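Dear colleague,

Please find the structure below, handed over for your records. My notes on its side-chain packing and contacts follow directly after it.

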Amino acid sequence: MKFSDSKSFIKVPLRLLLIVPFVVQISASVGLVGYLSFKNGQKAVNELADQVMNKTNSLVNQHLNSYLAIPHQINQMNVDAVETGLLDLRDFERAGKYFWKQMQVYKNLGYNSYALATGQGAGSANYPGSQSTTIDLYPTAINGVAKVYSYATDAQGNRTKLMNTYDYNTFAEPWGIKTVKAGKPIWTGVNAWDGDVSYIAASAGYPIYDKNGKLFAVFGVDLLLSNISDFLRQIHVSENGSVFIIERNGLLVANSSTEKPYVIVNRKTKRLPASDSPDPLIQATAKYLQQKLGDLQQIQEKQQLMFDFKGDRQYVKVTPWRDRFGLDWLVVVTVSEADFMGQINANTHTTIALCLLTLVVASVVGIYTSRWITQPILQLSQASQAIADQKLDRPVEVRGIYELEILAQSFNHMARQLQESFTALEKTNTELEQRVETRTTELQKTIAELHYTQAQMVQSEKMSALGEMVAGVAHEINNPVNFIHGNLTYVEDYTQDLLRLVQLYQKYLPEPPLEIQEELVEIDFDFLDKDLIKVIESMQIGTNRIREIVLSLRNFSRLDEAEVKEVDIHEGIDSTLVILNNRLKAKSDRPEIQVIKEYGKLPLVECYAGQLNQVFMNIFSNAIDALEERDRDRTLEEIKAQPSTIYISTAAQNQTITISIKDNGIGISETVHSKLFNPFFTTKPVGKGTGLGLAISYQIITEKHGGKLLCNSQPGQGAEFLIELPRLQLSAHSAICTSLV
């Protein structure tokens with residue numbers, strides 16, 4: 001006998017139905033994870049590059065502020081010495097030795113001198129590469145033109161021999177003209193010096209006047225700018241990053257490249273525009289700034305840009321630097337995206353490979369699983385079709401799946417019964433052949449009832465076997481899922497503890513050794529810090545979803561079982577304290593947090609032990625956080641005088657038990673107290689807490705156990721959490737709580 005549908009529907013094989021949704025779900029999940037991982041990586045790179053550039057720019061600004069203040073400080077000291085009588089500018093020999101001593105202290109000065117209004121004066125030179133510091137005297141001058149005598153000196157500053165003589169007019173030189181014109185301390189510009197050893201220096205001038213307001217003398221200091229380039233080379237921006245400083249006219253002042261910011265042509269020192277720098281990256285960056293921003297004089301605020309250089313994206317930050325004496329420079333920092341994207345690209349490739357591997361493994365497992373499940377079902381289907389064709393001598397053999405084995409046994413038993421029934425029917429039919437005409441109606445009715453009974457039996461056996469199979473599967477899945485889910489909370493706590501520990505290291509060791517810095521960059525710690533908690537949260541969501549599915553299966557099979565157990569509350573508290581032992585023990589900046597226990601005699605309590613331990617964990621963690629926050633503002637002596645302490649006491653009263661957990665921390669204000677058990681409310685900084693710990697604890701105590709959770713606290717007097725639990729859990733209450741979960 002054949003059966004066919006009256007309507008045309010799309011028929012999907014069970015094997016395909018088991019595999020395809022599973023594979024599609026995994027494909028979508030791993031694809032989304034890979035995409036989000038790449039996007040988060042790019043975002044992390046942008047943030048890291050910005051942090052690197054900001055840090056570099058801050059270091060450069062600090063160095064410029066301190067280094068370029070030296071010439072004006074020296075000029076001011078010299079002016080003060082003149083005003084107090086310590087320095088007589090008309091005693092040229094003593095003045096020359098005075099300037100020589102200053103040159104011994106400040107090694108980065110190229111020239112330090114003064115000139116009277118008549119053109120006479122003295123000074124000292126310390127040119128790069130010279131054997132000794134010279135003393136220059138020009139005691140005579142005619143019409144402002146002085147005869148300069150340059151002497152070599154010994155280690156005590158005594159003149160040893162005359163090295164050179166030349167004519168020099170201070171007030172005909174650009175620095176002298178600008179200083180007199182300004183009438184106040186100024187920078188007279190960046191000058192290039194020629195000679196056996198060429199260099200560039202920033203010149204600072206300072207005019208002084210007599211009581212009648214007439215010019216008395218001018219002081220001048222040349223500061224070597226090579227030190228700035230040396231400092232820039234010491235800053236490790238990134239593998240291929242660079243830093244350079246330019247004037248508003250585009251000329252280089254200093255750079256982190258090994259190339260000098262000037263060239264020597266025919267023994268003449270020529271300063272280079274940044275767009276002509278021998279360093280390709282500096283040259284390309286300067287050209288891009290000129291093209292993008294136009295006139296550099298118009299840059300008044302920080303500019304952050306990006307451009308491509310040899311196929312690699314470069315982050316550029318331009319920051320104006322000025323001082324009150326007239327310098328107006330631009331500090332340019334460039335960072336290559338490739339310096340940070342290498343590990344991220346490698347991680348992306350690894351993620352893609354793992355995703356593909358996961359997809360392949362899931363597909364293979366799905367195929368074998370579907371074959372394992374569908375093969376017995378197919379045998380049952382074929383046997384059912386044989387019975388429909390009245391072939392009752394084909395028993396079904398199923399191995400490996402307990403529920404399907406029971407279903408097959410029931411099916412074979414039903415087939416034997418049907419075979420016996422049909423045998424008896426045939427015998428009766430032979431005996432009653434003479435009466436077939438008169439009993440046709442009754443026989444047809446009997447056959448119809450038999451077919452109806454047969455269908456009912458098949459359906460009943462199928463549902464019974466399916467229920468037992470579902471209950472078994474739910475039981476097998478529930479154990480490992482509860483294990484995983486129960487441990488995820490601790491994993492998250494431990495992870496947060498470890499991350500907080502690393503953050504404390506970063507806070508108190510902002511400049512770790514180079515090896516640690518490289519390792520932080522290698523493992524991309526900022527990304528790991530943000531993503532690890534997300535991974536744990538996603539695992540918690542996944543286990544919750546599986547538990548919901550298991551609960552649905554168990555409700556379907558009506559074989560649910562209670563989770564309430566009789567437990568020793570003291571064991572739960574002690575085990576929680578063991579887990580938190582690392583946070584309680586002494587640290588480098590504080591002694592051990594003391595724990596004082598005053599345990600009463602408690603009976604065994606019916607409760608959800610794992611969830612109650614979660615409540616203890618949340619309350620203890622908050623108490624430790626409060627104590628650590630208070631200890632940050634106290635000295636070691638103050639902590640020892642009033643040690644941080646957690647007090648734990650328990651007591652039994654009739655049919656309830658009371659647990660008190662108290663600390664002597666900073667306490668809780670009235671405003672915070674009113675919101676304490678609200679979900680997502682937290683006083684901790686972003687990334688330090690979710691605001692769910694106490695809300696979940698309140699739900700566990702009140703809804704799951706029918707108890708009470710109270711908090712008593714005053715600012716500056718610590719906080720006490722009181723937990724009141726019934727010793728026995730009523731069955732009706734347990735059923736309600738189970739339905740809430």
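The charged end of Arg-159 is placed over the ring of Tyr-151, at 4.9 Å from the ring centre. A charge is taken to sit over a ring if NZ of Lys or CZ of Arg is within 6 Å of the ring centre and within 35 degrees of the ring normal. Lys-704 likewise has its charged end over the ring of Tyr-608, 4.1 Å from the centre.

Please note that this is a predicted model, in which local features need pLDDT of at least 70 and side-chain atom pairs count only at pLDDT 80 or more, while totals for chains, interfaces and linings use all residues. Residues are numbered from 1 along each chain as its sequence is written, and side-chain values use heavy atoms, with hydrogens and water left out.

Aromatic pairs

Rings of Phe, Tyr and Trp (its six-membered ring) are paired if their centres lie within 6.5 Å; planes under 30 degrees apart count as stacked, over 60 as edge-to-face and the rest as tilted. The count under this rule is six aromatic pairs. In one of them, Phe-99 and Phe-219, the ring centres are 6.4 Å apart and the planes stand at 25 degrees, so the pair is stacked. Phe-99 belongs to helix α3 (residues 92-105) and Phe-219 to strand β9 (residues 215-224), so this pair ties together parts that are 120 residues apart in sequence. Helices (H or I, at least four residues) and strands (E, at least two) are DSSP runs, numbered from the N terminus. Phe-99 is buried at 0% relative accessibility, and Phe-219 is buried at 0% as well. Here buried means under 20% relative accessible area, exposed over 50%, and partly exposed in between (1.4 Å probe, protein chains only).

Tyr-288 and Phe-307 form another stacked pair, with 4.8 Å from centre to centre and 15 degrees between the planes. This pair links helix α6 (residues 280-293), which holds Tyr-288, to strand β14 (residues 303-309), which holds Phe-307; the two residues are 19 apart. Tyr-288 is buried at 17% relative accessibility, and Phe-307 is buried at 8%. Ring pairs also join Tyr-98, Phe-99, Tyr-114 and Phe-219 into a cluster.

Nonpolar cores

A nonpolar core is a set of buried Ala, Val, Leu, Ile, Met, Phe, Trp, Tyr and Cys residues joined through side-chain atoms within 4.5 Å. The largest has 38 residues, and those touching the most other members are Leu-64, Leu-68, Ile-228, Leu-232, Ile-245, Trp-329 and Val-335. Helix α1 (residues 14-67) gives the most to this core, with six residues. Apart from this core lies another of 36 residues, among them Leu-584, Cys-607, Ile-648 and Leu-694. Cys-607 is buried, with a relative accessible area of 1%.

Cysteines

With a disulfide defined as a pair of cysteine sulfur atoms within 2.5 Å, the count is zero disulfides. Cys-711 is buried at 7% relative accessibility.

Arg-634

Arg-634 lies in the loop between α14 (609-632) and α15 (636-641) and is buried at 16% relative accessibility. Its side chain makes a polar contact with the side chain of Asp-631 at 2.9 Å, and the side chain of Arg-634 also reaches the backbone oxygen of Gln-642 at 3.1 Å. A polar contact is a pair of N or O atoms within 3.5 Å; within protein, one must be able to donate a hydrogen and the other to accept it, and residues adjacent in sequence count only if both atoms are side-chain atoms.

With kind regards
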